[in-house]
Amino acid sequence: MSRRKTERLLNLVICLLATRRPLSAEQIRQAVPGYDRDGDEAFQRMFERDKNELREIGIPIDVVRDPWEDEPGYRIERESYELPEITLEPDEAAVLGLAAQVWQRASLAEAASGALLKLRAGGVATDRPVGASMGGVMGGGALELRVDTRDPAFPALWDAVRDRRVVRFDYRSAGSESVRARTVEPWGVVSRNGRWYVAGFDRDRQAPRVFRLSRVTGQVTVMGRPGAVEVPQGVDLRGMVGFPDDSTDERVAVVRVRQGACEGLRQLAAAVRAGDGGWDEADLPFTDPERLAGWMASLGADVEVVEPPDAREAVIRRLKGAMA
């Protein structure tokens, strides 16, 4: 199933679950991204296919006929859709909560939020506020744990592990500027000490290997058919990444920071010196140039890495990749 279709089906489910009253086909057409806004016949065909597919996977879509309306309405009753009460042990609940928070950083999270925003903008009442958190509430504000998944390779590798498909990507080894293409059968994506790794079988070396996501450069290419990767029985993914794959010696980057900006960076800096021309200079400790580059690139025009050269080049690569 294509990503575009997956997003459309997800938006449709959210739309029909969130509404308090049945929605007509035209209201759904306007609220759900992905439906044809021009051709009536094309929309009707697509909508019928989507309803049938959702029903085939067990999602009940009710058709409600109001004698005062010309067109039927559609909705999903929460009582029919939701699972019965499930009792989880504390550790099981923690794992599910963490998985949900990871998903919220994935590409479909934006589509889901956009669907609810469109419903509310169109005057359709929803049961849940937009942006509701799964976390606890203290003092009226939502508390929510977040897993840092800003590595560009994360979504593609996460999907490849889920679909058990072979991937190919360019990889920069630790302590080296050389980049080599790697073909990998991914077994899992694991976090360790705040960094993300993909563990699997390296076809080029014919051995199990671990790759840090921050060192994957460029696009991740998916190869072959789904289900082609076989994960060995009893493989210990956490054990595979339970060793440092490079030196963790701390270094210091010299960063120019626009005055009045980047307060968080200033708090983490070892020292900040007043500069001229609207800029200050900060000494920022770091261990991984690629991870530093991801952070600096996210701050846009408010920062400029001066040195060391490998950190500066890593930022330039990130920015050029964004432009491309």
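**Close-up 1. Strand pairing around β6 in the predicted model.** R168 has T183 in β6 as its bridge partner, in a model that is predicted. Strand β5 (residues 166-172) and strand β6 (residues 179-192) run antiparallel and are joined by 6 bridges. On β6 there is also a pairing with strand β7 (residues 195-202), again antiparallel, with 8 bridges between the two, and here G188 has A199 in β7 as its bridge partner.

**Close-up 2. A buried salt bridge between R182 and D202.** R182 and D202 form a salt bridge in which the closest N and O atoms are 3.5 Å apart. This pair links distant parts of the chain, since R182 belongs to strand β6 and D202 to strand β7, 20 residues apart. Both R182 and D202 are buried.

**Close-up 3. The salt-bridge network of E26, R29 and D40.** Salt bridges link E26, R29 and D40 in a network. Within it, the side chains of R29 and D40 meet at 2.7 Å, N to O, joining helix α2 (residues 25-31), where R29 lies, to helix α3 (residues 40-56), where D40 lies. R29 counts as buried because its relative accessible area is 4%, which falls under the 20% cut-off.

**Close-up 4. The salt bridge between D302 and R258.** The side chains of D302 and R258 meet in a salt bridge of 3.1 Å, N to O. Because D302 lies in the loop between α10 (289-298) and β13 (303-307), whereas R258 lies in strand β10 (residues 251-258), the pair ties together parts that are 44 residues apart in sequence. D302 is partly exposed, at 27% relative accessible area, and R258 is partly exposed as well, at 32%.

How values were computed
Residues are numbered from 1 along each chain as its sequence is written. This is a predicted model: local features need pLDDT of at least 70, side-chain atom pairs count only at pLDDT 80 or more; totals for chains, interfaces and linings use all residues. Side-chain values use heavy atoms; hydrogens and water are left out. Two strands pair if DSSP finds at least two bridges between them. Helices (H or I, at least four residues) and strands (E, at least two) are DSSP runs, numbered from the N terminus. A salt bridge is a side-chain nitrogen of Lys or Arg within 4 Å of a carboxyl oxygen of Asp or Glu. Buried means under 20% relative accessible area, exposed over 50%, partly exposed in between (1.4 Å probe, protein chains only).
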